[in-house]
Amino acid sequence: MTAFLSRRRLLGMPPLLFAAGAVAPLSLTAQPAPPAARTDAPGLIRLAANENPAGPGPAARAALAAATGDAWKYPMGEAMALRAMIAEREGLTPGHVLITDGSTEVLHIAALLAGAGGGELLTCAPTFDYAASQVRAIGGTVRELPLDAAMRFDLAALRAAVAPATRLVYLCNPNNPTGTWLPGSELRAFIAAMPAAVTVLVDEAYLELATDMATHSMVDRVRAGDSLVVARTFSKLHGLAGLRIGYALARPDLIERMGRLKLVVPSGPGLAAATASYQDFEFQAASRREIAEGVAITTAALAALGRPQAETRANFVFFDTGGPAPAFMAAMRQRGFSLGRPYASHPTWCRVSMGTVAQMRQFAGALQAHYG
Ligand SMILES: Cc1ncc(COP(=O)(O)O)c(C=O)c1O
């Protein structure tokens, strides 16, 4: 049994608890020139929101263009086709997949189900706090434990902190904003130790950036029928953040209850682009390489300057600026870069998202000039 509540409860009705390869190299620079929208303003490079400025990839662009003429119709068929394709690749049934408006909608629905009636979300901080904010908004409670000394989710502390009111445990792997991650084996042991009344939400928004996703994704536990929701997105590796396509993987009974709270099917052009990008392995591999190179440039520059940093496995780097983060961000803005927001728990730390390799070289130069 899980402790998610159904829409009936949200509507004031009686509660209804539910049971629980090898790829040829591709030069990204060979793609069409980036449009001006890829910067926040002329002359300002956007390294702020963990996007992939290389996207949309070539296949997604072609699909987007072709989908324009279909914009008159409701895209139910397109959503079902993408759902079937994802299910097949993941070894699941279509009933295990919910296509959503960005993975934000997965977090939103999970938060509604968990927070209704005062239920509790348990997580570590800092992390992506959207689910927590939604649980609070619906009158639920949120308990946030600190990350461990290496800025990873502290699974032992979380396990010990589970209480009777806990309905949802949110894990972000790799974690935003720190970029740190936990191997799949540790997450599997954690999920296995959860009481039956608790659902675990594993946010894998950045896991696709790793080449060994199969080892570390919790999709095998979805297949096994655990009380678990995996959230994924087309906003990161696929470079489609503006099109708002994500998905949940979970047991069919969980997907069914989540689906009742879903608002609308995502846009047809967005679905077309996501479907094309899902099959564009060349673009995905090229993006992974570009991001890895950007991370290598950035982490080396920070290390050379003696700046402490979290060990990242994502497309961003979290580092100690050595002073108040807002002042550093303002200084970098003067040098032409917009960066991620400050974090109350880490007032001197800042998150920089990966742009193109050329942009990260510029950023490394700006760091040297700032600290030099
Ligand atoms: C960890 C994490 N999850 C989910 C999201 C939401 O992404 P989207 O709604 O674009 O899929 C983000 C966005 O930055 C994120 O960092």
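**View 1. The whole chain, to get our bearings.** Of the 372 residues in the chain, 49% are buried; a residue is called buried if 20 or more other C-beta atoms lie within 10 Å of its own, exposed if 12 or fewer, and partly exposed in between, with C-beta atoms placed from the backbone. This is a predicted model, in which local features need pLDDT of at least 70, side-chain atom pairs count only at pLDDT 80 or more, and totals for chains, interfaces and linings use all residues. Residues are numbered from 1 along each chain as its sequence is written. The chain has 14 helices and twelve strands (DSSP runs, H or I of at least four residues for helices and E of at least two for strands, numbered from the N terminus).

**View 2. Here is the ligand with its surroundings.** A shell of 13 residues surrounds the ligand, and the closest are Gly 102, Ser 103, Thr 104, Thr 233 and Ser 235 (a residue is near if its C-beta atom, placed from the backbone, lies within 6 Å). Helix 4 (residues 102–115) gives the largest share of this shell, three residues. By type, the shell has four nonpolar, eight polar and one charged; Ala, Val, Leu, Ile, Met, Phe, Trp, Tyr, Cys and Pro count as nonpolar, Asp, Glu, Lys and Arg as charged, and the others, Gly among them, as polar.

View 3. In helix 13 (residues 325–334), the buried residues are Ala 325, Phe 328, Met 329 and Met 332. They lie on the same side of helix 13 because they cover an arc of only 100° around the axis, taken from the directions from the helix axis to the C-beta atoms. Ala 327, Ala 330 and Gln 334, on the other side, are exposed. The buried residues pack against strand 11 (337–339), strand 12 (349–353) and helix 14 (357–371), where contact means C-beta atoms, placed from the backbone, within 7 Å. After helix 13 comes Gly 336, with a positive phi near 105°.

**View 4. Helix 12 meets helix 14.** Helix 12 (residues 281–304) packs with helix 14 at an angle of about 5°, their axes 9 Å apart. The two helices are therefore roughly parallel, a label for angles under 35 degrees. Among the residues that meet are Ile 297 and Leu 302 in helix 12 and Phe 363 and Leu 367 in helix 14. The contact of helix 12 with helix 14 divides into eight nonpolar, three polar and three charged residues.

**View 5. A last stop at Gly 43.** Gly 43 sits in the loop between strand 1 (39–41) and strand 2 (44–47). Gly 43 counts as exposed because it has 7 C-beta neighbours inside 10 Å. Its C-alpha atom is separated by 9.3 Å from that of Arg 335, 292 residues apart along the chain.

How values were computed: Contact = placed C-beta atoms within 7 Å. Axes fitted to C-alpha atoms, helices over the stretch in contact; angles between N-to-C directions. Parallel < 35°, antiparallel > 145°, perpendicular 65-115°, else oblique.
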